[in-house]
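Subject: Structure handover

Hello,

Here is the structure for you to look at. Please open it first, then read my notes below.

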Amino acid sequence: EAKAALEAAESVETQGLEVVVTRYPPEELAGDWDDQTIRKVWLTGRRRLELDGVRLECRLGRIVPDVIATLGGRQVYTHGGTLTKVGDVFDEDTEDVYAPAWPSTLLIEVKVTHGIADEKLQCIRQLDVPTLEIDLGSLGGRLSREQFRDLVVNQVIGKRWVHHPAFVGKRRVLDAEIDAHSVCLEWAQRI
């Protein structure tokens, strides 16, 4: 039923992207510096992705995703922002844009009783294709067919990104920003 709703849909609402990098004080500084943990969080807003075509359960390399969707060229970039905290204290907020064009393919996995197997997730990461999981178990309750379709296509409840090409690059950027942060530099001077 969820796959059929996606096959008929012209678009799908998705959660925002999120990458979190946390750096703890070195063991040599334990105790006095425990409240100086640095955390950077890159977030984007939720997004409606336009679908130009949808195929169900077709082979892609070594895997058979539930849904393979072709995205139109309208997903050009994503606005986001990075929040920085040191301990529990807000440190910095910067706006940025994920400028690389979205890939032309989106995978959607529908979770009924179990999530994506580790081997399949590893293949998805190797393919480096954005992959959205929809957890039907979290939708709960009795729903009419139209309510169910609305949740699967138009809402973000039960949806999460299990992979996106932006994750690796953003994680590298956030790690480098933490390396250059004044608290991290002070840690380096003290050890």
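Let's start with the salt bridges: the count comes to 14. Keep in mind that this is a predicted model.

One of the salt bridges joins Asp66 and Lys3, whose closest N and O atoms are 3.6 Å apart. The two residues lie 63 residues apart in the chain. Asp66 sits in the loop between strand S4 (47-56) and strand S5 (67-71). Lys3 belongs to helix H1 (residues 2-8). Lys3 has 23%, so Lys3 counts as partly exposed.

Next, look at Arg23 and Asp179. Their side chains form a salt bridge with an N to O distance of 2.7 Å. This pair also links distant parts of the chain, 156 residues apart. Arg23 is in strand S2, and Asp179 is in helix H4 (residues 165-179). Asp179 has a relative accessible area of 42%, so Asp179 is partly exposed.

Helix H4 also holds Lys170. Which residue does the side chain of Lys170 meet in a salt bridge? The partner is Asp96, at 2.5 Å from N to O. Asp96 lies in strand S7, 74 residues away from Lys170. Both residues of this pair are buried. There is a network too: salt bridges with shared partners connect Lys3, Glu57 and Asp66.

Now the strands. Strand S3 (residues 38-44) has 5 buried residues out of 7, so much of S3 is covered. S3 pairs with strand S2 (residues 18-23) over 6 bridges, in the antiparallel sense. S3 pairs with S6 as well, again antiparallel, over 7 bridges. Follow Lys40 in S3 to see both pairings. Lys40 is the bridge partner of Val21. Lys40 also stands opposite Thr84 in S6.

Then the surface. Asp32, Asp34, Asp35 and Asp88 form a negative patch there. Find Asp88 in the loop between strand S6 (78-86) and strand S7 (89-98). Asp88 counts as exposed because its relative accessibility is 75% and the cut-off is over 50%.

Last, the whole chain. It has 191 residues, and 43% of them are buried. Its secondary structure comes to 5 helices and 10 strands. The C-alpha trace spans about 60 × 35 × 30 Å along its principal axes.

Best wishes

Notes
Residues are numbered from 1 along each chain as its sequence is written. This is a predicted model: local features need pLDDT of at least 70, side-chain atom pairs count only at pLDDT 80 or more; totals for chains, interfaces and linings use all residues. Side-chain values use heavy atoms; hydrogens and water are left out. Patches are made of residues with over 30% relative accessible area and no salt bridge: like charges are joined within 9 Å, nonpolar side chains (Val, Leu, Ile, Met, Phe, Trp, Tyr) within 5 Å. Accessible areas come from the Shrake-Rupley method with a 1.4 Å probe; for residues, only the protein chains shown count as cover. A salt bridge is a side-chain nitrogen of Lys or Arg within 4 Å of a carboxyl oxygen of Asp or Glu. Lys and Arg count as positive and Asp and Glu as negative; His and the chain ends are not counted. The place of a charge is taken as NZ of Lys, CZ of Arg, CG of Asp or CD of Glu. Helices (H or I, at least four residues) and strands (E, at least two) are DSSP runs, numbered from the N terminus. Buried means under 20% relative accessible area, exposed over 50%, partly exposed in between (1.4 Å probe, protein chains only). Two strands pair if DSSP finds at least two bridges between them.
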